[in-house]
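Here is a short briefing on one structure. Please look at the sequence and the model before reading on.

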Amino acid sequence: MTIELFRDFLGWCTVINSGLLILSSIMLIVMKGAVSSMHARMFGIDEESVKAVYFKYLGYYKLLILVFNLAPYLALRIVA
């Protein structure tokens with residue numbers, strides 16, 4: 001695998017994961033009540049806790065995208 005191919009791979013991973021993050025965020029905003037009540041019933045916790053878990057999930061996912069996709073992509077763009 002060449003550096004250019006790996007750089008392109010990381011670029012597409014960043015695009016796909018960012019799209020999933022945006023889609024998840026939009027779905028949680030639009031369907032907030034239905035989704036949080038469903039997950040609250042599934043896991044036996046109150047809806048406020050579910051909303052906090054959603055916030056953590058989106059934050060961690062964004063951080064993982066930045067660390068494992070975007071930062072290596074940018075580093076390869078600078079080096080190569």
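The notes below cover a helix pair, a loop residue and a pocket. This is a predicted model. Helix 2 and helix 3 cross at roughly 105°. The largest pocket holds about 170 Å³ of space.

**Helix 2 against helix 3**
- Two packed helices are described by the angle between their axes and the distance between the axes.
- Helix 2 spans residues 32–43, and helix 3 spans residues 47–79.
- Their axes come within 9 Å.
- The crossing angle is roughly 105°, so helix 2 is roughly perpendicular to helix 3.
- Helix 2 makes the contact through Lys-32, Gly-33, Val-35, Ser-36, Ser-37, His-39 and Ala-40.
- Helix 3 contributes Glu-47, Val-50, Lys-51 and Tyr-54 to the contact.
- By class, this contact has four nonpolar, four polar and three charged residues.

**Met-31**
- Met-31 sits in the loop between helix 1 (3–30) and helix 2.
- Its relative accessible area is 37%, so Met-31 is partly exposed.
- Met-31 and Ile-45 are 14 residues apart in sequence. Their C-alpha atoms are 18 Å apart in space.

**Largest pocket**
- The lining consists of Ser-25, Leu-28, Ile-29, Lys-32, Lys-51, Tyr-54, Phe-55 and Leu-58.
- Helix 1 and helix 3 are the elements that give two or more residues to this lining.
- Helix 3 supplies the largest share, four residues.
- The lining residues divide into five nonpolar, one polar and two charged.
- Lys-32, Lys-51 and Tyr-54 belong to this lining and also to the contact of helix 2 with helix 3.

How values were computed:
Residues numbered from 1 in each chain as written. Predicted model: local features only at pLDDT ≥ 70, side-chain atom pairs only at ≥ 80, totals over all residues. Heavy atoms only, no water. Axes fitted to C-alpha atoms, helices over the stretch in contact; angles between N-to-C directions. Parallel < 35°, antiparallel > 145°, perpendicular 65-115°, else oblique. Contact = heavy atoms within 4.5 Å. Nonpolar A, V, L, I, M, F, W, Y, C, P; charged D, E, K, R; others polar. Buried < 20%, exposed > 50% of the residue type's maximum accessible area, 1.4 Å probe, protein only. 1 Å grid on protein atoms, 1.4 Å probe; cavity = no way out; pocket = protein on both sides within 12 Å on 5 of 7 lines; lining within 4 Å. Points joined across faces, edges and corners; volume = space filled by probe spheres on them.
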